[in-house]
Amino acid sequence: MINLLSRALLMSTPLLFGAIAEVFAERAGVMITAIEGIFLLGALGGFVGAYLSGNLYLGLLLAIFTGMAVAAVYGWITVYLKQHQIVTGTAISILAAGLSSYFMRVFFGTPILPLTVEPLKAIPLPLLSQIPVLGPIFFTQNILTYAIYGIVPLSWFILYRTSLGLTIRSAGENPEAVDVAGIKVDRIRFAMVLLAGAMGGIAGAFYSIGFLGMFTTNIIGGRGWIAFAICFLGNWNPLGVLVGTLVFGLAEALAIYMQSSGTMLLPNELFIALPYILTIVLTISRKSFNVPAKLGIPYRKEN
Amino acid sequence: MNANLRDLFLSTFFAVVLGIVASASLLLFLGKNPIAAYTLLATSIIRDSYTIADIFVKATPLILTGLAFALPFKASLFNIGAQGQFYIGALAASAVSLALGERLPGLPGILLVIVAAMVAGGLWGAFIGWVKAKFNSNEFLISMMSTYVALAVMNYFLRTALMEAKHEYPQTDTFAPRLWLPTIFEGTRLHAGFILAVLFALFTWVLLYRTDLGYRIRVVGHNPTAARLSGIEASRIYISTFFLAGALAALAGVTETNGVQHMLVQGFNPTLGAEGIGIAILANANPIGIIFAAILFGALKVGGNVMGQMSGIPASIIEIMEGFVMIFVILSYFVRNFLATRRAKRVLQKSLAV
């Protein structure tokens, strides 16, 4: 049980990075529909950096850069050129799928055995990890999971208690007002897209170097889209997103647990599909959404 | 020629060329000569009738998944789940084909397979439209997620009820040859499914621009408020549009199982849905344009495969070409819009000057 919950927290980490990334961007009015591609190339960047340098943190750094590079292309097309966000995101995700397997080949050729790196280790926090039950669950995790303890309150504080947060939210609710105040709407939006790219890159790298220690081209398998969904389900609020990611992390940990436990009461495929079914059920059952008013709509100054 | 139409053709042409050039430049990373590789690509796709016919074989399911995105798009709905609807269609086609065996003569048997697959995929799609109509759920998310569920459903059946007699691989036995879609050119793999796909593209065009339902679909897409005021029930449009989209994507399942592989194999054609979106974008969601865009993507696939076999370039170059072409096509929308606005301004200035 403790093992399961600890695993659940681990599996919710990348989803939280991705979903908070979406919250910031969508609050400013831009959906990051390229998120699946950002995750994937982040995973690739993280693995390449870690494998070639032998240092996981350099891998993470490269993942951040790759994520931001993808996001920059996405942001340029959607924010500055005002093109359709869903369409652009799909194009970038297809391209990312091709690029990831292509660059694996460029860097590593065709190795017979899959290449691996030692994934991020759990760092037991002194004293805290000794607490019964809570210790192994909350205080024996890797550094990225510890980071989410800070990210959730910090992002909530920034969004709701600072003038920067107000500007970000206004860019998605009432961009004209932001413009009138002399702040460039597109600049705010593009910055948020870049931020989302950095966080999405880390999220992707979590799968390759934070958890599995290897890279495969289907490593993300829709997790980017789940993070995208969690942002909706969490009502564009970091706290709602936290609840959403924990539920999904639990579903994923449960799926892994049921598959490895070997009890065949229910078909394996049901557990694999569980997070996706959960998204569908929750999307249908959620009633009151607090959608940013200008979400997905490019800002054009009236002439 | 109309200036906007000229811009459309020119900008799309340049977008495709730029997309191919951009992907070619990546070959330098592998130390390959891009010019030699792409000369090989261009010559290899017109090498013999078998390869030429294969372009149309590859284009067949792409036409259908392209339509499966384009039709809801006209109603401002996003069907990102064509991949899942395709899997459900393939699954239903396989189940019916295996159950039928030799029991029915060819034509009625094939028709039954097609109807079963289209109904199954249609219902799978209609669910998305239904929850959109009933609960105002986000169809983009639901359709996206439904693909992963469909994949799990297909894998489950391939491991249990539909698994081959030998029980070795997650795939079905070969279907009875009478249920294969007939070949239309001897000595090639080109099957009747291509004709079906083209017919359905024409059907979709007629539906959209010459029928009452198509008019309603476009009104809902163009101006939902006006649609409601004029008494069009959006919820019905949601359900019927998604049913049709699901049925079209499911037909792609039939063309692949009964037309190409003659069995169902786990995880086959995993990119058809996304490529369909690309094709719809390339064709500006026009059903007739989709036929040509699909043939272009089919040529890229065939050429990319041949290039890979002959010069050791990984097959992922195909996705890279598709991705770059899509991105440059999106950029070409921007350029076209810019040109049209400038033209309009000039006309305005002229009329003011007079």
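**View 1. Polar links between chain B and chain A.** In this predicted model, 4 residue pairs, both at pLDDT 80 or more, are in polar contact between chain B and chain A (N or O atoms within 3.5 Å; within protein, one able to donate a hydrogen and the other to accept it, residues adjacent in sequence counting only if both atoms are side-chain atoms). The count of salt bridges is 1 (a side-chain nitrogen of Lys or Arg within 4 Å of a carboxyl oxygen of Asp or Glu). B:Arg159 pairs with A:Glu269 in a salt bridge, with 2.8 Å between the closest N and O atoms.

**View 2. The side of chain B that touches chain A.** α5 (106-135), α6 (139-159), α11 (272-282) and α13 (317-353) of chain B each supply at least two residues of this side (helices are DSSP runs of H or I, at least four residues, numbered from the N terminus). Its residues divide into 32 nonpolar, 7 polar and 4 charged (nonpolar: Ala, Val, Leu, Ile, Met, Phe, Trp, Tyr, Cys and Pro; charged: Asp, Glu, Lys and Arg; polar: the others, Gly among them).

**View 3. Contact and buried area.** In contact are 43 residues of chain B and 42 residues of chain A (heavy atoms within 4.5 Å). The two chains bury about 3,800 Å², 81% of it on carbon and sulfur atoms (accessible area, 1.4 Å probe, lost on being put together, summed over both). B:Leu141, B:Met145 and B:Tyr148 lose the most area in chain B, together 16% of what that side buries.

**Notes.** Local features need pLDDT of at least 70, side-chain atom pairs 80 or more, while totals for chains, interfaces and linings use all residues; side-chain values use heavy atoms, without hydrogens and water. Residues are numbered from 1 along each chain as written, with chains lettered from A and ligands numbered from 1 in written order.
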